[in-house]
Amino acid sequence: MLAKKHYGIKQQHCGSLRKLAAPRQPARNNLTFHGAATQRLGLEDSASFPQWVSGQAGTAILRSVACSASDASAANAAPAVDPGMLIIHYVRKDHNYKGWGLHVWGDSSSCTQWQQPLKPTRVTERGLVWELPLRSGARRVGALVHKGEQKAASGEVTISAHGSTMSVDQATGAAVQEAWLVGAEQSAFAFPPDMSRIPAGSINKQAAHWVSPGLLLWRQAAEDVVGRRRFRLHYSRAGYMHITGAGVQGADASWDLEPQPPAAAAPGVKRFPHLYGCTALAVPPEAGAAAAAAEGGGILTGQLLVSVHDAAGDALDATGVQIQGVLDELMSYDGPLGDHPDVGGDGHSITLWAPTAQKVELLYWGSAPRGGQPQVHAMCRGPCGAWSLRRPAAWLWSYYTYRVTVYCPWTARMETVEVTDPYSRGLAADGGRTQVVDLEHPDTMPAGWHSHVPPALAQWTDISVYEMHVRDFSITDASVPPPLRGKYLAFVPERVAAAAGGSPLSAGLSHLAALRGAGLNHLHLLPTYDFATVPERAEDQRGVQEDLTRHPPDSPQQQAAVLAVADNDGFNWGYDPVHYGVPEGSYATDPDGVARIREFREMVQSLHGQGWRVVQDVVYNHTFASGPHSKYSVLDKVVPGYYHRRHEDGGICDSTCCNNTATEHAMCERLVVDDITHWASNYRVDGFRFDIMGHLMMSTMSKIRTSLDSLTPDKDHGVSGRSIYIYGEAWDFGEVAGNQRGRNAAQMNLAGSGLGAFNDRLRDGAMGGGPFAPPQFQGLVTGLALAPNPAAAQAGQGGGGGGGGSEAARAELLVLSDWARSALAGNLRAYPLHLCDGSTRPGEQVLAHGLPLAYGGLPCEHVAFIGCHDNKTQFDQIIEKASVNESGEERMRMAVMCLALITLSQGVPFIHAGDDLLRSKSLDRDSYNSGDWFNRIDWTGASNGFGSGLPVSTKNGGSWSYMGPLLREAGRLTPTPEHMKTATAIFQALLRVRYSSPLFRLAATADVIRQLAFHNTGPQQNPGVIVMELTSAPAPGGGGGGSEQNQGVYDPKYERLVTVFNCAPYVNDVPYPPGAARLQLHSDLVAVGDARLSSAAAEEASRTLHLPPRTAAVFVQPRQ
């Protein structure tokens, strides 16, 4: 799940500092440095600004921004006309101007996107200057100084024709208004402020990094032209320090920090690469000892600040301290956490890792999931900051929370918070309290839980995945009894039958049975851990009360009704984790207590019995909340600032959407490894799909793999950890991109790891464009060049005016066909492709979206997909991209072609639930909170959801102008029940084809290179047609199956399989591959009985394969 980032500006008002500045005449800050002055600043070419202002040694900026008398007398009188220009000055006490840019919003014609801040217009002796042209009638302009995600000063300026900071530009005669931004202050100044009255730093920032007991890193110059700077570390146990113009005040203790040569920073930078270039400061041994002190937790339990003064003693800056690194070195803990048996004893204890806490108490609530008064039990601090309490055996099934007193960097004070256990294994409804549970107790498991055996798996390339949301599966299925709709137990045939009075399988279960019978074998469940965004008790949920079917297909009324209850209804995707280790309660028949545990296990056991292996969607890249106040904040209440990845200045990174976690920190990594192992061993989960996996470190994924591999059937109740498959979204973006925080689990780092990754090249090649391209862009399947959509050219595809049938469009089609071939061959870096430019190169040497086309090292690392829960459904994409003239029949054929490309690829096919039934979400691009109405699935194939109204405005409102006309055509564009029946029938036949031959499921890279070949390639290819040939290896040892060294994989049934994907809207005849003979259409495709598919034929006499329009066909050469 990748939500677009919202760059909101949070104003932190720290008092009205504007009153401190004496009124002065405005300065005409129009000086620029030349000659010696620019050399002193490191700005020899200040006009072209090839590099932003250097903040290193040698920088000299005049420290006072107060205007001199001569400045004042030179200023022009403020004109009584609207200003045409706003000049923003930025000044800092520490003179560190390197890299700062300006984000602008409001009534200026220079407003910016967050990722593209304005560089300074010029540098004066007073700091940085930006000149912002104003729009006519301007009234307000906002400005924020930032460096990437590191934010400094900000403020909004009221534009006034009578402002006291008005002047006239002598060159142009235009009226000019001026304002000053200072340091990290959160308001603009109307006059140059008295810098001696400005706080020398901010307690709300944490830009210093204590990375090891003896080393602290801070991006501050060690010296300037005045001389060597002086650094100090300050501590206050009660959190009473503050900063004035003279520096840090109120410390209990302080220590000098000695600047070190740049090489001394290397150990810290190796672990935290984003701190490259910071000054290394040696922490004295006595301070390191105070940090490690066992008594009272040492100085890491209080407020820490670092300050810098110049050689003359003037305060320049001060900041808070990030302590994740030193915590890892001094306080990492490997003992048991949560409720656990005593080590070496016969009792039980409850343990919480809270190394920065000054006090921890356990609040015992007895059997009450809500209400009541707790017993308060003091917990004892032990080694590494682990707080423990021995508990009585009678506490089993009881509830507890913690009360933690801890310094919080977000509020810059001590906080006392109530919080649940990060290692919870049982919960009250809505995660309000942790429950003491025994996962080995019979009450937590169905009969036969430990003895049941999951379906066997020989190799990961035998996997195929169907992605399902638990609630979607049954909430609108009338054949499911109402008490079980949207619940775990809707997946259990016996429960459904019992509640329905012995009725046969529900429509959903019947469809799953048909898919499983065809070969589909892994059911991927969207998040099923405890998440924040659904009230777990039915009585707290709201629902849409009106009949939405009465509104027109392009009406906004449906979405308005859905949005009115969206934040309080029973639906959400669930990518909002709170407690990672407990099943979600809204899917249980009772959210209080152990029902959620028992019913989740019963679902898994039943799905195993139906032949499915179960994949859990996990979201360890972020938490739903942080800080001391939200009831959904857990980790950040216990150890504030530790579990989340933070910007260099201390703010929590939010590139995933919110509250990014930091698995590069030891105890966060341990939590993830422990939790995955818990789900595998205690819930028998067979695979894990990692949301935004690229934000986790490769070291973490490696430890997860090692932990899972240690699970064996003999000692872990039948769990074979080596068969558990891991895959995820390996996108590389945000603060981790390019290994900025360490080697992350992104596409370019995965080769050879065995980790699966979604292949966006297949998606974009088949459909065209991408998630951030105009939705009308076409691809291989949707008609690019061969059945052009004029809207695609209008949106800019193929250079715009050339039209879909232009040479540019044809050239793009051939490129996208190469992308599809690479995916069919398993997305392997080493696979040689004969490309449309006539060259032959391995996939890693071909570019797609500016990156290597292929990035995998093993076939199992390739997850072949086109549609998933994110973005639009496969059918909805086709609606947008295909020519408006295409019939419902042809759109169905395009959808089936997408399913064929996925199903017949090397690697792991991945299908979004309902795509085989042409499922639509009425063009919703992000239905995470769009309710049951837009997310429903009709397993009977009577309807597909298209024309359910305009999708929710919160995510789609900007696209209503083109969506409305498409939805208005629902009567023509909606597929018929026959179309849906045909689509799933062909999909099931394709699955049977995949599992009829081991050649579609090759596990070794060398076998793919040896046994898979493409024809109709290069610059002269017949466009829109892909021909893939799979050839069996010789029989090993004269017979039998399997693989033999240097021979490849032997298919005992077929000598050769030739698959032709004719994506063109017309018939194509394709010559036999050399050496092919006796080819015939695969019997499973013949058995579908579809007239178009059955017309695909092999003509032996002419050695020609005849392909009807938009048809994928597999021809086999049987063994004689």
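**Contacts and helix packing in a predicted model**

Reader: With which residues is P628 in contact, leaving aside its neighbours within four places in sequence?
Author: This is a predicted model with residues numbered from 1 along each chain as its sequence is written, where local features need pLDDT of at least 70, side-chain atom pairs count only at pLDDT 80 or more, and totals for chains, interfaces and linings use all residues. Side-chain values use heavy atoms, with hydrogens and water left out. Contact means heavy atoms within 4.5 Å. Once neighbours within four places in sequence are set aside, the partners of P628 are C408, W410, T411, E415, V417 and K637.

Reader: Is P628 buried or exposed?
Author: Buried means under 20% relative accessible area, exposed over 50%, and partly exposed in between (1.4 Å probe, protein chains only). P628 has a relative accessible area of 13%. Because that value is under 20%, P628 is buried.

Reader: Which residues does E664 touch, not counting residues up to four places away in sequence?
Author: E664 sits in the loop between helix 11 and helix 12 (666-683); helices (H or I, at least four residues) and strands (E, at least two) are DSSP runs, numbered from the N terminus. At 15% relative accessibility, E664 counts as buried. Beyond residues up to four places away in sequence, E664 touches R271, D328, R645, M697 and R741.

Reader: Is helix 18 roughly parallel or roughly antiparallel to helix 23?
Author: Axes are lines fitted to C-alpha atoms, for helices over the stretch in contact, and angles run from 0 to 180 degrees between N-to-C directions. Helix 18 (residues 888-903) and helix 23 (residues 977-996) pack at about 20 degrees, with axes 10 Å apart. Angles under 35 degrees count as roughly parallel, over 145 as roughly antiparallel, 65 to 115 as roughly perpendicular and the rest as oblique. Helix 18 is therefore, relative to helix 23, roughly parallel.

Reader: What does helix 8 reach from its first C-alpha to its last?
Author: Helix 8 (residues 507-518) has 12 residues.

Reader: What covers the buried residues of helix 8?
Author: The buried residues of helix 8 are G508, L509, H511, L512, L515 and A518. Their cover includes strand 29 (465-468), helix 6 (470-474), helix 7 (493-499), strand 30 (522-525) and helix 23.

Note on methods. Expected span 1.5 Å × (residues − 1).
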